Amino acid sequence: MAAPGENLRINGERLWDSLMEMAQIGPGVAGGNNRQTLTDEDAKGRALFQSWCDAAGMSMGVDTMGNMFATREGTDAGALPVYMGSHLDTQPTGGKYDGVLGVLGALEVVRSMNDAGIKTKHPIVVTNWTNEEGARFAPAMLASGVFAGMHSQEYAYDRQDGEGLRFGDELARIGWVGDEKVGARKMHAMIELHIEQGPILEAEGRDVGVVTHGQGLWWLEITLTGKDAHTGSTPMNMRVNAGLGMARITEAVHRIAMSHQPGAVGAVGQSNVYPNSRNVIPGKAVFTVDIRSPDQDKLDAMKAEVTRAAHAVAAELGLGIAIEDVGHFDPVTFDAGLVTVVRAAAERLGYSHMDLISGAGHDACWINRVAPTVMIMCPCVDGLSHNEAEEISPEWAAAGTDVMFHTVLEVAGVAA
């Protein structure tokens with residue numbers, strides 16, 4: 001099949017307008033968004049997305065995890081669909097583009113196909129995956145993980161947020177429990193467009209990132225149990241300080257990640273001490289360790305070393321300790337054939353590009369286990385993400401979406 005002509009582009013202004021309109025739902029306090037999964041704001045964002053899909057002539061399917069699938073029919077009734085998409089949920093202090101660009105960029109591809117009168121052999125499906133962020137309900141990429149068979153739906157439904165509300169109950173409350181069995185859909189391929197969430201593309205002056213691999217990760221939730229005591233009247237040698245244990249383990253995580261350079265990262269992200277009073281020695285600390293690497297051996301080694309170090313700290317300080325695995329996926333290698341198609345599309349369109357390893361987890365990392373998958377990335381200013389100051393340019397958004405447009409046309413096959 002001949003590749004689509006280089007003059008074929010999406011409507012960048014319409015894409016940008018859609019991004020800005022979606023950003024009006026669940027505004028943050030500092031210019032970004034707070035549209036956490038299964039909140040009323042998430043429901044409003046879903047409804048707006050569905051209205052746009054309806055206007056573009058697509059039919060909507062929803063599965064029992066709330067994943068949304070908007071289908072544009074192909075000319076070959078027996079051909080498996082080509083999927084594009086990402087997520088509409090955000091961090092509590094999230095940006096306007098993380099995930100949203102991938103969903104609305106995919107919608108713009110369909111709109112541009114409609115404008116140009118292009119029909120494809122394979123159907124096209126635009127997807128909004130539920131709870132990619134994992135900010136309200138851990139782990140991240142929860143619904144795509146159920147779709148790929150990595151979690152059971154029962155496990156997902158039983159996840160609780162910080163207030164003890166269950167995922168399954170909240171999904172029902174906002175009215176987005178669909179009737180499709182999760183994972184029943186079969187895919188010809190999936191393409192996910194996303195902002196880089198790192199500084200490399202901007203620093204290198206490249207328009208597009210061709211994502212070849214994704215880092216694997218472990219999230220370890222550590223609970224340390226000591227003894228609440230008065231900070232002023234308890235002798236230093238009689239304290240059982242869970243906060244001190246957390247501090248020492250935090251330093252150990254940094255040291256372990258540094259010892260596995262290059263290609264390894266680690267930090268303590270979420271942390272809480274109890275009773276969290278200024279004059280009480282913490283009797284309990286609960287915190288999450290995040291370690292990542294694209295190298296399986298390094299990832300396995302770091303997990304083992306962090307676990308050993310945490311137990312050693314607890315033993316030295318007389319603390320109780322429990323470690324729970326709350327998130328994990330192995331390093332990902334994306335489909336080589338699709339990577340070649342993305343690279344060729346960027347070349348044909350005249351966009352500067354480079355290969356990238358994704359530092360963050362994405363729904364594509366799970367879907368890669370059940371279908372050929374690839375990711376495309378666009379730069380973001382200073383590499384900043386998971387922050388209300390997250391920013392991209394309209395030109396970057398259009399470039400990444402143009403590459404996705406050409407990629408999906410080649411993979412789905414333009415009908416004669």
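Modeller: On a 1 Å grid over the protein atoms alone, a cavity is a set of points where a 1.4 Å probe fits but cannot get out. Grid points are joined across faces, edges and corners, and a volume is the space filled by probe spheres set on the points. This is a predicted model, in which local features need pLDDT of at least 70, side-chain atom pairs count only at pLDDT 80 or more, and totals for chains, interfaces and linings use all residues. Residues are numbered from 1 along each chain as its sequence is written, and side-chain values use heavy atoms, without hydrogens and water.

Biologist: How many cavities of 30 Å³ or more are there in the whole structure?

Modeller: The search finds 1. The largest cavity holds about 70 Å³ of space.

Biologist: Which residues line the largest cavity?

Modeller: Among them are Pro-139, His-151, Trp-219, Phe-329 and Trp-366, where a lining residue has an atom within 4 Å of a point.

Biologist: Changing topic, how is the chain divided?

Modeller: Domain 1 covers 12-215 + 331-412 and domain 2 covers 216-329; the bounds come from an automatic or database domain assignment.

Biologist: What area do domain 1 and domain 2 bury between them?

Modeller: About 1,000 Å², with 66% on carbon and sulfur atoms. Buried area is the accessible area (1.4 Å probe) lost on putting two parts together, summed over both. Gln-215, Pro-331 and Trp-366 supply 54% of what domain 1 buries against domain 2.

Notes
1 Å grid on protein atoms, 1.4 Å probe; cavity = no way out; pocket = protein on both sides within 12 Å on 5 of 7 lines; lining within 4 Å.
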